[in-house]
Each structure stands twice: as structure tokens, then as C-alpha cells.
Amino acid sequence: MSINGEIPVRDNRAADRFEIEQDGHVAFAQYVLAPDHIIFTHTEVPAELGGRGIATRLVEAGLASARKNGLSVIPRCSVFGRYVMKHPETHDLLAPEIRATLGLPV
């Protein structure tokens with residue numbers, strides 16, 4: 001458990017994924033990192049960890065990291081895609097080609 005009771009998220013760069021380890025299970029958001037962007041490819045939360053907001057924490061950590069590192073985001077994972085569409089404040093992170101495809105200002 002982290003200081004604020006928030007679920008700690010780790011960027012496991014060796015495995016190219018953000019992870020949350022809890023109750024003996026690991027949830028993760030897989031990514032491909034490039035010099036100027038990050039592609040989120042897959043998010044997996046074991047059934048035993050379902051309903052705890054873990055996927056949301058993984059997405060928020062991944063997007064925060066992208067923002068901090070000046071990376072544009074390409075959400076190939078449906079979990080990331082749904083989150084970004086519901087949160088307009090994250091649209092600026094999307095790669096220009098993704099914004100254009102979605103009809104958002106480029």
C-alpha cells in the first residue's frame with residue numbers, strides 16, 4: 001500500500017509495462033516506447049483484482065508518464081482508448097494522426 005492508500009504503479013521498463021502487484025497477482029499495461037511517442041498495446045487485470053479501479057490506475061500512470069516525458073500517445077489498447085475518449089483533458093496527449101482520425105483538433 002502506498003502512502004495515500006493509492007495503489008502503487010511501477011514502470012517495469014525491462015518488461016515494457018506498467019504494473020500493479022496486489023494480493024499475489026500482477027495487473028499490467030503493456031507498451032512500446034519510441035523516442036517521441038508511446039504505444040499502449042494491451043492491458044490485463046486478473047479476475048481476482050477486478051472491480052478495484054486497477055485498470056484506471058494503470059491508464060492514469062501511463063498517461064502521466066507520457067505527459068511527464070513529452071511523449072505523444074497511441075492507444076492501441078481498448079482500455080486506454082475508452083479512457084482517453086471519456087477524458088477530454090487527455091486529448092492533447094494523443095498523437096496528431098490519432099486526433100485527426102477521431103476528428104479532434106490537430
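**Salt bridges in the predicted model**

E60 is partly exposed, with 31% relative accessible area. Here buried means under 20% relative accessible area, exposed over 50%, and partly exposed in between (1.4 Å probe, protein chains only). The model is predicted: local features need pLDDT of at least 70, side-chain atom pairs count only at pLDDT 80 or more, and totals for chains, interfaces and linings use all residues. Residues are numbered from 1 along each chain as its sequence is written, and side-chain values use heavy atoms, with hydrogens and water left out.

The structure contains six salt bridges, each defined as a side-chain nitrogen of Lys or Arg within 4 Å of a carboxyl oxygen of Asp or Glu. E60 pairs with R57, and their closest N and O atoms lie 3.8 Å apart. R57 is buried, at 18% relative accessible area. Both residues belong to helix α1 (residues 54-68) and sit three residues apart, about one turn of the helix. Helices (H or I, at least four residues) are DSSP runs, numbered from the N terminus.

R67 forms a salt bridge with D92, with 2.7 Å between the closest N and O atoms. This pair links distant parts of the chain. R67 lies in helix α1, D92 in the loop between α2 (78-86) and α3 (96-101), and 25 residues separate them. R67 is partly exposed at 41% relative accessibility. D92 is also partly exposed, with a relative accessible area of 48%. Elsewhere, salt bridges with shared partners join R10, R17 and E19 into one network.

The side chains of R13 and D11 form a further salt bridge, at 3.3 Å from N to O. R13 is exposed, at 53% relative accessible area. D11 is partly exposed, at 27%.

Terms used:
Helices (H or I, at least four residues) and strands (E, at least two) are DSSP runs, numbered from the N terminus.
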